[in-house]
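Morning, everyone. Here is the structure for today. Please have a look, and then I'll walk you through a few places in it.

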Amino acid sequence: MSEIRCIGCGSVLQADNPKQAGYVPASGLAKAEAGDGNVYCQRCFKLRHYGQIMPVSADRDTFLQLLSQLNQKPAMIVNVVDLFDVNGSLLSSLPRFIGDNDFILVGNKIDLFPKNSRLSRIKDWLRQIANNAGLFPKAVFLVSGQTGQGVTELVDYLQKFSEREDIDFVGMTNVGKSTLLNQIISQVSPEKDLITTSRFPGTTLDRIEIPLAGGHNLVDTPGIIADQQLTGLLNAAELKQVLPRKPLKPATYQLEPGQTLFLAGLGRIDYLQGPRTSFVVYVSRDLYVHRTKTSHADEFYEKQAGQLLTPPQTGTKLPAWQGRDYSINEKSDLLFGGIGFVTVPAGCHVRTYTPGGIGQGVRKALI
Ligand SMILES: Nc1nc2c(ncn2[C@@H]2O[C@H](COP(=O)(O)OP(=O)(O)OP(=O)(O)O)[C@@H](O)[C@H]2O)c(=O)[nH]1
Ligand SMILES: [Mg+2]
């Protein structure tokens, strides 16, 4: 008998082992075998209805195996990245895996950017980072899988390819591949929220093929879990606090040299040199931002990590802070991958810190 897969996460359904991927009680499996509608495994059921994650995830081998199949058939590859964590979510090894196939780059979660962000600047910046990493996509799109922004344009573009080949969505975990696919599916069919999505890394476990009218498929894949994504190090409650759900609003802090800003316990900026000026913070409204004297900052952190400066919660193990200095020559955004960014004017000299140096960077200001 051929395998029957969970439509939510792609794992093969089985009724033998509740601790392994694809488990459904025997009655559910019988329903699936009878072709009786969409059947979800128990893990997807718990994620979808209770937001609870069962500790089952795709291993690196599965992911690499799926990647290495990308050159074995003609396909258009859609590489999805998280605009909130481009450095952490860029798949610079992609060209090695796709053979002669073309790929496009889709920056997701555009809805989170402040309303007055310049889309053309974001697109240029994304293309620039991709090029620097040796990626030369056939096209670049900015979308929100969540709100649908930009998705019609993407669907129009993909239409002509879908008539002759599969469209494979690939990328790191948590960038929103499944959310984007659900958005596309809902635009072309009555199905809503077909694929399971969640804020936990490692939601999709195997290939999910959505058949299209012309005989080809839209394909979702599990994302690779990388150590360069801060969000992979946080627990459920911490993720809830860190990941913004609404467009970011500016919060302005007046700073002078010798002062430090903490972005909870996940980011730190020391203002080393420059005039008294405004630092504009764009992070989730649930994230605590604190200004203090740099001379007291270490002590303050020691005392308040896991208290005022949460996340991380006590018990979450993060790598030690790593700093990097920036001399700002034009108005720029200091990046804290996965958390947000801080806009600073020209003429500032700053040092930023994140756990293990993850997600640090700078770009020309978007606003
Ligand atoms: N704000 C915002 N959040 C998004 C968007 N797309 C996805 N998300 C959120 O990002 C998280 C991950 O989404 P998924 O669609 O499960 O990500 P994925 O890339 O399929 O992840 P894996 O299956 O683990 O590879 C969820 O909390 C989503 O709600 C978006 O366009 N905007
Ligand atoms: Mg997924």
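Start with Pro311, which sits in the loop between helix H10 (294-304) and strand E12 (321-327). Helices (H or I, at least four residues) and strands (E, at least two) are DSSP runs, numbered from the N terminus. The peptide bond from Thr310 to Pro311 is cis, with omega near -5°. Pro312 is in the loop between H10 and E12. The bond from Pro311 to Pro312 is cis too, with omega near 5°. Most peptide bonds are trans.

A word on the source. This is a predicted model: local features need pLDDT of at least 70, side-chain atom pairs count only at pLDDT 80 or more, and totals for chains, interfaces and linings use all residues. Residues are numbered from 1 along each chain as its sequence is written, while chains are lettered from A and ligands numbered from 1 in the order in which they are written.

Next, phi angles. Most residues other than glycine have a negative phi. Lys109 has a positive one, near 75°. Lys109 lies in the loop between strand E2 (103-108) and H6. Is Lys109 buried or exposed? Buried, because Lys109 has 25 C-beta neighbours inside 10 Å. The cut-offs: buried means 20 or more other C-beta atoms within 10 Å of the residue's own, exposed means 12 or fewer, and partly exposed is in between, with C-beta atoms placed from the backbone.

Asn174 also has a positive phi, near 70°. Its place is the loop between strand E4 (166-170) and H8. Asn174 counts as buried because it has 29 C-beta neighbours inside 10 Å.

Compare Leu64, in helix H3 (residues 60-68). Leu64 has 13 such neighbours inside 10 Å, so it counts as partly exposed. The C-alpha atoms of Leu64 and Ile224 are separated by 8.4 Å, yet the two residues are 160 apart along the chain.

Now the ligand. How many residues surround ligand 1? There are 23, and the closest are Gly176, Ser178, Arg199, Thr204 and Gly223. A residue counts here if its C-beta atom, placed from the backbone, lies within 6 Å. Helix H8 (residues 177-188) gives the largest share of this shell, three residues.

Last, the domains. The protein is divided into domain 1 (1-55), domain 2 (57-225) and domain 3 (251-364). Those bounds come from an automatic or database domain assignment. The C-alpha centres of domain 1 and domain 3 lie 43 Å apart.
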